[in-house]
Amino acid sequence: MSNPTHSQQAAIMRSMLGRARGLGSAKSGTGHWWGQRLTAVALVPLGIWFVVGAIAHAGATRAGIEHWISGPMTATLMLALIACLFQHMQLGLQVVIEDYVHGESCRVATLLAMKAATALLAILAALSVLKMALAG
Amino acid sequence: MADVREALMSGRNSEGARVRRPLSPHLQVYRPQITSTLSILHRVAGVALAAGTLLFVWWLAAAASSDAAFALAAAFMGSVVGWVVIAGFTLALWYHFCNGLRHLWWDIGRGFELTEVHATGKLVVGASVVLTVLTLIAGVAAR
């Protein structure tokens with residue numbers, strides 16, 4: 001009996017699960033699902049904290065806002081909020097685009113534009129907090 | 001070249017004539033229910049909040065830039081249009097927050113009975129309206 005060819009060997013060695021994995025419409029999903037939940041849970045306390053802080057500083061001057069945000073605790077929580085918020089937003093908008101934008105090239109272009117926009121917004125927000133925190 | 005998936009769309013109607021089979025589901029033939037309405041509202045609120053982050057980032061960047069930049073952002077948020085946007089943002093935030101908690105409750109395998117789904121749905125709507133009103137009143141009082 002002759003030795004099996006490479007492809008025959010691959011067919012023998014690979015499990016059914018291994019062959020099925022990655023063949024779904026989105027190629028992956030668990031990481032996305034888990035990331036959405038993890039950021040959602042983190043945003044529960046961070047969201048409440050921010051709304052309370054924003055109410056307390058409603059109508060404050062720029063100096064007042066700077067004084068609030070530049071504190072190490074506030075700056076830390078603001079950066080955590082920004083990281084979780086924009087990650088959660090990117091994951092959510094991705095699903096919306098995948099559901100409603102048809103046509104491969106149009107969908108990919110919209111996804112890339114959305115990811116670039118959310119990343120830039122996140123960097124701008126984080127840099128603004130860091131500037132106030134490090135200047136004080 | 002025609003898409004090969006078109007072959008799956010070929011069918012016949014009750015009179016035997018060849019037709020292009022319709023896609024399913026047809027959302028418009030279903031009566032709106034609390035379950036489906038709250039579900040799509042969660043997504044609508046999420047997209048609205050994503051748009052609202054532009055305001056959040058503007059406010060942060062202005063505070064980090066200059067008094068003039070901050071005065072401009074503060075003037076917009078103090079205007080009638082600004083108030084409507086902030087009120088809408090607050091409602092979207094609390095609805096997405098409360099319904100998000102409902103989703104997390106489902107994620108740990110609870111609350112799937114139809115009576116529970118309806119009860120938590122009504123609770124979410126009530127809680128988000130109450131929280132929105134309280135937040136806006138507190139915001140005005142704090143000014």
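Predicted model: local features only at pLDDT ≥ 70, side-chain atom pairs only at ≥ 80, totals over all residues.
The extent of the contact was examined next. Chain B contributes 30 residues and chain A contributes 36 residues. About 2600 Å² is buried between the two chains, and carbon and sulfur atoms give 77% of this area. Within chain B, the residues that lose the most area to chain A are B:Arg43, B:Phe56 and B:Leu60, which together account for 20% of what that side buries.

Charged pairs were then considered. A search of the whole structure identifies five salt bridges over all chains, and three salt bridges are found across the interface of chain B and chain A. One salt bridge joins B:Asp67 to A:Arg62, with the closest N and O atoms 2.8 Å apart. This pair crosses between chains, running from helix H2 of chain B, where B:Asp67 lies, to helix H4 (residues 62–69) of chain A, which holds A:Arg62. A salt bridge is also formed between A:Arg37 and B:Asp107, and here the separation of the closest N and O atoms is 2.9 Å.

Helix H5 (residues 72–100) and helix H6 (residues 104–135) of chain A pack with their axes 10 Å apart and at an angle of about 170°. Because of this angle, H5(A) is roughly antiparallel to H6(A), the cut-off for that description being an angle over 145 degrees. The contact of H5(A) with H6(A) is made up of 18 nonpolar, four polar and three charged residues.

Conventions:
Residues numbered from 1 in each chain as written. Chains lettered and ligands numbered in written order. Heavy atoms only, no water. Contact = heavy atoms within 4.5 Å. Buried area = accessible area lost by both parts, 1.4 Å probe. Salt bridge = Lys/Arg side-chain N within 4 Å of Asp/Glu carboxyl O. Axes fitted to C-alpha atoms, helices over the stretch in contact; angles between N-to-C directions. Helix = DSSP H or I, 4+ residues; strand = E, 2+ residues; numbered from the N terminus. Parallel < 35°, antiparallel > 145°, perpendicular 65-115°, else oblique. Nonpolar A, V, L, I, M, F, W, Y, C, P; charged D, E, K, R; others polar.
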